[in-house]
Amino acid sequence: MGQVRRLPRPTSGVRLADAVKIYLATITVPNTRETYATALERLVTDFGADTDVALLGEEPDRVSGWFTFVWGATAAKTFNIRLTALGSACAYWREQQWLSGDPLVRLRARPAPPDTSKALSTQRIAEILGSDVPLRERVLWHVLYESSARAEEVLMLDVPDLDTTNRCAVVTRKGGARDLIAWQTGTARLLPRLLAGRKSGPVFLTDRKARSSVARADVDPSTGRGRLSYRRAAELFEVHTSGFDGGPYTLHQLRHSRLTHAAEAGASTPVLMKLSGHTSVRSLTKYAKISDEGLVRYQAESDPAARRRPGR
């Protein structure tokens, strides 16, 4: 038998170091760029700056083995952030046709340990909402916190669903019911800047134009961009909040925090049910628990000895 002829390995002509540099330059938010750079620069160091980026797609076992060796012993949050960074870069390289296949196909995000105190403090919420992030993210986070609506509900909003004068909108709740959500001043100030005069299409749009396969209802006719997905919105929130103590956080924590803060401020059960969209008080109880911050404040304000001190 003759010798089996080996097929040539694919090449893109793009060095790994250059591919990383070009991708990082597309990220406009400094915190995100810095977070992603940690994983990508380690990739360049360990695989070699001159490695053709196309070869990564041919070696998923090697890539997954390297990733597990480097970050396998870290916390689930760190593991997942590094995986997100590499996954986002690989997706970009595939769009540029520098890479085929998925070098990360053997890897899966790890479930984070349960958080027994999901509600964030009012100070932390203020820090998150005041972060230096793109306008789209600022508006989305304000709406989610102020309305306490589910992220899936808000991301499905179209511009005609909004009543900006009365600071409210109609969403489709879990189970298909149509319900009103309302927001406050933070959202009201930012929303017109995001819409920029648009009268149709999804409220929250992707950064790039939608592919031809995307449903027409999910595309803004004036820009050609598609509806922002929950997965991408959640990914961005985790990346932007990874630098906070206890971070990264989830979009669900914005909803949870708002309901907890409303309960601490004395909101009645009917108001909390309307805010949350729940039809059962039993379902509401896990969200409307008093936070650690609220407990400390209550103890301080109700301390009889403290009330007797001069000047109080």
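**Figure 1. Sequence separation of contacts and overall dimensions of the predicted chain.** Of the contacts between residues at least 6 apart in sequence, 61% join residues at least 24 apart. The model is predicted, and its chain has 14 helices and 5 strands. The C-alpha trace spans about 95 × 50 × 35 Å along its principal axes. The chain has 312 residues, and 43% of them are buried. Its accessible surface is about 17,600 Å², with 51% belonging to carbon and sulfur atoms.

**Figure 2. Packing of helix 2 against helix 3.** Two packed helices are described by the angle between their axes and the distance between the axes. Helix 2 covers residues 30–47 and helix 3 covers residues 60–71. Their packing angle is about 115°, and the axes lie 12 Å apart. The crossing of helix 2 and helix 3 is right-handed. Helix 2 contributes A39, R42, L43, D46 and F47 to the contact, while helix 3 contributes R62, V63, W66, V70 and W71. By class, the residues of this contact are 7 nonpolar, no polar and 3 charged.

Figure 3. Strand 2 comprises residues 168–172. It pairs with strand 1 over 2 bridges and with strand 3 over 5 bridges. Strands of a sheet pair through backbone hydrogen bonds, either parallel or antiparallel.

**Figure 4. The hairpin of strand 1 and strand 2.** The two strands pair in the antiparallel sense, with 4 residues between them. R167 lies in the turn and has a positive phi of about 55°. Across the pairing, L162 stands opposite A169 in strand 2.

**Figure 5. The hairpin of strand 2 and strand 3.** Here 5 residues lie between the strands. G175 takes a positive phi near 95° in this hairpin. The pairing of strand 2 with strand 3 is antiparallel. C168 has A182 in strand 3 as its bridge partner, and the partner of A169 in strand 3 is I181.

Definitions and conventions
Residues are numbered from 1 along each chain as its sequence is written. This is a predicted model: local features need pLDDT of at least 70, side-chain atom pairs count only at pLDDT 80 or more; totals for chains, interfaces and linings use all residues. Side-chain values use heavy atoms; hydrogens and water are left out. Two strands pair if DSSP finds at least two bridges between them. Axes are lines fitted to C-alpha atoms, for helices over the stretch in contact, and angles run from 0 to 180 degrees between N-to-C directions. A crossing is left-handed if the near helix is turned anticlockwise from the far one by less than a right angle, and right-handed if clockwise. Contact means heavy atoms within 4.5 Å. Ala, Val, Leu, Ile, Met, Phe, Trp, Tyr, Cys and Pro count as nonpolar, Asp, Glu, Lys and Arg as charged, and the others, Gly among them, as polar. Buried means under 20% relative accessible area, exposed over 50%, partly exposed in between (1.4 Å probe, protein chains only). Accessible areas come from the Shrake-Rupley method with a 1.4 Å probe; for residues, only the protein chains shown count as cover.
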